[in-house]
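Please prepare a briefing on the structure shown here.

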Amino acid sequence: MPCNEPGARTRPAFRRSVAALAAVIALTGCAGQAATDSGSSNDRYVEGDGSTTAFAPEDRTPAPAVEGETIGGDPVSLDDYEGDVVVVNFWASWCAPCRAETPVLEEVYGEYKDAGLEFLGVNIKDNRTSAEAFERNQEVTYPSLYDQAGEVPQAFRDTVPPQAIPSTLVIDREGRIAARVIGATNYRDLTGLVEPVLDEGAREDAGSA
């Protein structure tokens with residue numbers, strides 16, 4: 001008659017419990033390290049929490065000069081959008097939250113472009129082939145500036161942490177930063193930031209009529 005040692009059946013379960021505990025500790029350590037080290041290098045990128053901020057007109061600062069070429073090789077500049085409200089979105093093909101929010105950006109762009117809303121993506125720390133594939137697969141219809149070196153986020157560092165990706169800015173018709181989102185955005189939050197800025201121009205037109 002076979003003899004089972006006491007605890008023989010419990011050892012595998014015990015080993016699994018120890019392994020699971022070790023994994024939790026390792027993940028916790030990595031999360032803490034990422035939170036601590038994210039600002040120490042421009043090559044470390046962290047996902048924001050999606051927090052939004054709207055700036056009153058009197059508190060807005062001018063957007064820095066931004067120019068370069070699109071992923072397709074065409075010249076582009078923020079000055080090209082003078083007089084329009086512009087949504088500037090920082091993204092990369094390797095960023096999962098960027099992929100998740102792209103349909104939202106496209107929806108808002110399609111819904112409000114006739115009201116004077118423009119979109120300009122900024123692709124950072126990426127290779128051009130991957131960026132082109134991202135635009136094609138995600139069916140992105142607005143242009144993106146190709147910024148492999150990540151210089152554009154540095155220019156906006158007083159408003160958005162350069163390591164936070166994705167991030168989104170709303171630029172008003174006077175070229176000032178009117179709102180920001182640190183992290184992935186959603187339809188409700190983005191339209192809630194865009195609509196008041198679009199309405200500012202409508203109110204001015206009504207007042208001058």
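This is a predicted model: local features need pLDDT of at least 70, side-chain atom pairs count only at pLDDT 80 or more; totals for chains, interfaces and linings use all residues.

The protein has five helices and eight strands, and 40% of its 209 residues are buried. A search of the whole structure gives one disulfide, five aromatic pairs and six salt bridges.

**Overall fold**

- Read from the N terminus, the order of elements is α-β-β-β-β-α-β-α-β-α-β-β-α.
- Of the contacts between residues at least 6 apart in sequence, 72% join residues at least 24 apart.

**Disulfide**

- Cys95 and Cys98 are joined in a disulfide with their sulfur atoms 2.4 Å apart.
- The link of Cys95 and Cys98 is right-handed, with 85° about the S-S bond.
- Cys95 and Cys98 are both buried.

**Aromatic pairs**

- The structure has five aromatic pairs, and Phe90 with Phe156 is an edge-to-face one, at 5.9 Å centre to centre and 70° between the planes.
- Phe90 belongs to strand E4 (residues 85-91) and Phe156 to the loop between helix H4 (151-155) and strand E7 (167-171), so this pair ties together parts that are 66 residues apart in sequence.
- Both Phe90 and Phe156 are buried.
- The pair of Phe119 and Tyr142 is tilted, because the ring centres are 5.2 Å apart and the planes stand at 45°.
- Phe119 is in strand E5 (residues 117-124), while Tyr142 is in the loop between helix H3 (128-138) and strand E6 (144-147), so the pair ties together parts that are 23 residues apart in sequence.
- Phe119 and Tyr142 are both buried.
- Tyr109, Phe119 and Tyr142 are linked into a cluster by ring pairs.

**Salt bridges**

- The count of salt bridges is six, and one of them joins the side chains of Arg60 and Asp172 at 2.9 Å, N to O.
- That pair links distant parts of the chain, 112 residues apart: Arg60 is in the loop between strand E1 (51-54) and strand E2 (67-69), and Asp172 is in the loop between E7 and strand E8 (177-182).
- Arg60 has a relative accessible area of 10% and is therefore buried.
- Asp172 also counts as buried, because its relative accessibility is 3%.
- Asp172 forms a salt bridge with Arg176 as well, and here the closest N and O atoms are 2.8 Å apart.
- Arg176 in turn forms a salt bridge with Glu174, with the closest N and O atoms 3.8 Å apart.
- Arg176 has 18% relative accessibility and so counts as buried, whereas Glu174 is exposed at a relative accessible area of 57%.
- A network of salt bridges links Arg60, Asp172, Glu174, Arg176 and Glu200.

**A buried charge without a salt bridge**

- Glu101 is located in helix H2 (residues 96-112).
- Glu101 is buried but has no salt bridge, and the nearest side chain of opposite charge, that of Arg99, is 11 Å away.
- Apart from neighbours within four places in sequence, Glu101 is in contact with Asn89, Pro166, Thr168, Gly183, Ala184 and Thr185.

Technical notes. Residues are numbered from 1 along each chain as its sequence is written. Side-chain values use heavy atoms; hydrogens and water are left out. Helices (H or I, at least four residues) and strands (E, at least two) are DSSP runs, numbered from the N terminus. Buried means under 20% relative accessible area, exposed over 50%, partly exposed in between (1.4 Å probe, protein chains only). Lys and Arg count as positive and Asp and Glu as negative; His and the chain ends are not counted. A salt bridge is a side-chain nitrogen of Lys or Arg within 4 Å of a carboxyl oxygen of Asp or Glu. Contact means heavy atoms within 4.5 Å. A disulfide is a pair of cysteine sulfur atoms within 2.5 Å. Rings of Phe, Tyr and Trp (its six-membered ring) pair if their centres lie within 6.5 Å; planes under 30 degrees apart count as stacked, over 60 as edge-to-face and the rest as tilted.
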